[in-house]
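Please walk me through this protein structure in plain terms.

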Amino acid sequence: MLEAKHAYLIHGDEGTGKSALLASAFVNYKTGEPTGRTGRILDIEGRLGHLQVPPNILEDMRPDYGKPEKTVDKLRTWLKGYRRSLDKGELPYDVIGLDSITELQFLLRLGMAKEAASENPKEDEEVLSQRSWGILGDRLAYDIGYMRPRYTGANLIVTAYSQDDRDNPKVLEAIKRPSIQGGLADKIGHFFDFIIYVENKRIGRGDDARVVHRYHFAPSGDFKTKNILEHEGRLPAYLDGTAENPVTFDMIQQYIGDKSGESN
């Protein structure tokens with residue numbers, strides 16, 4: 001069965017299994033065996049060593065220490081190389097992962113602030129001007145846009161931390177949403193077919209209580225989700241997993257099937 005190609009953004013608090021779901025596209029957790037999918041995880045955070053991902057799957061995308069301004073160069077160099085291979089008929093991959101977009105934006109911000117300060121001594125080395133925030137959002141949107149399945153032929157799986165704005169009276173949509181700053185925060189949904197929120201959820205009471213990682217595909221609470229197949233009813237409102245039996249990318253694909261075609 002052909003695997004449907006889509007763009008996924010998975011957001012949640014630390015320790016909820018976001019990176020584990022990304023890794024599960026490549027490794028079967030129960031057997032430790034590869035799933036057979038080809039691809040790469042663009043590792044921005046450097047925190048995937050515990051997930052049994054084969055070393056050849058990981059691409060270290062963190063710039064050299066002290067050179068955050070090289071973040072864009074490193075990502076775009078990889079994307080250009082991928083597109084050259086695609087043109088030669090050597091690809092596509094099955095999956096391209098990015099862990100995480102929150103860390104990527106952080107490095108972009110540091111790099112742009114450093115560049116601005118070097119050009120203008122009045123600029124702060126760590127604080128961006130409003131104009132610079134707009135440029136940063138454009139840069140990030142540009143690169144993420146070209147990582148979508150339409151241009152790569154691969155599923156895109158991106159992780160993000162969650163940002164909780166429920167205590168901020170200035171925020172109109174006070175929900176848990178992907179932790180992305182600036183104007184891009186309101187537009188990020190345009191780049192993804194699925195936005196999945198994952199939380200640690202306590203189930204049951206007393207000695208029978210247990211904690212699961214609950215992956216939400218529908219907006220049944222104060223959190224942001226998106227599901228382009230919602231009208232077809234393919235995915236449940238949520239799936240629960242544990243450390244021993246985690247929710248995997250294969251499970252999601254089994255619900256989606258191959259009838260939905262490719263994402264645009």
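**Salt bridges and the parts they join**

E103 and R62 form a salt bridge, in which the closest N and O atoms are 2.9 Å apart. E103 lies in helix α3 (residues 101-119) and R62 in the loop between β3 and α2, so this pair ties together parts that are 41 residues apart in sequence. With a relative accessibility of 16%, E103 counts as buried, whereas R62, at 32%, counts as partly exposed. The model shown here is a predicted one.

Side chains of opposite charge can pair when their charged atoms come close. A search of the whole structure finds eight salt bridges, and two further examples follow.

In one of them, the side chains of R40 and E59 meet with an N to O distance of 3.5 Å. R40 belongs to strand β2 (residues 39-43) and E59 to strand β3 (residues 58-60), so the bridge ties together parts that are 19 residues apart in sequence. R40 has a relative accessible area of 19%. Because the limit for a buried residue is under 20%, R40 is counted as buried. E59 is partly exposed, with a relative accessible area of 25%.

Another salt bridge is formed by K176 and D13, with the closest N and O atoms 3.0 Å apart. This pair links distant parts of the chain: K176 is in strand β6, D13 is in the loop between β1 (7-12) and α1 (18-24), and the two are 163 residues apart. K176 counts as buried at 7% relative accessibility, and D13 counts as partly exposed at 35%.

P178 is buried, its relative accessible area being 2%. What does P178 touch, leaving aside residues up to four places away in sequence? The residues in question are L9, H11, A160, Y161, Q163, I195 and K224. P178 also lies 9.0 Å from I101, C-alpha to C-alpha, although the two are 77 residues apart in sequence.

**Helix α2 and its two sides**

Helix α2 (residues 71-87) consists of 17 residues. From its first C-alpha to its last, α2 reaches 25 Å, close to the 24 Å expected at 1.5 Å a residue. Which residues of α2 are buried? They are T71, V72, L75, W78, L79, Y82 and S85.

**After the helix: a positive phi and two cis bonds**

Most residues other than glycine have a negative phi, and most peptide bonds are trans. G89, which follows α2, has a positive phi, near 80°. The peptide bond that joins L91 and P92 is cis, with omega about 25°. P92 is found in the loop between α2 and β4 (95-99). A cis peptide bond also runs from D99 to S100, where omega is near 0°. S100 is in the loop between β4 and α3.

Y142, Y146 and Y151 make a nonpolar surface patch of about 300 Å². One of these residues, Y142, is in helix α4 (residues 130-145). Y142 is partly exposed, having a relative accessible area of 48%.

**The protein as a whole**

The elements described above belong to a protein with seven helices and ten strands. Of its 264 residues, 49% are buried. Among the contacts with a separation of 6 or more, residues 24 or more positions apart account for 65%. The protein exposes about 13,900 Å², and carbon and sulfur atoms supply 46% of that area.

How values were computed: Residues numbered from 1 in each chain as written. Predicted model: local features only at pLDDT ≥ 70, side-chain atom pairs only at ≥ 80, totals over all residues. Heavy atoms only, no water. Buried < 20%, exposed > 50% of the residue type's maximum accessible area, 1.4 Å probe, protein only. Contact = heavy atoms within 4.5 Å. Helix = DSSP H or I, 4+ residues; strand = E, 2+ residues; numbered from the N terminus. Expected span 1.5 Å × (residues − 1). Patch = residues over 30% accessible without salt bridge, like charges linked within 9 Å, V, L, I, M, F, W, Y side chains within 5 Å. Areas by Shrake-Rupley, 256 points an atom, 1.4 Å probe, with all protein chains shown as cover. Salt bridge = Lys/Arg side-chain N within 4 Å of Asp/Glu carboxyl O.
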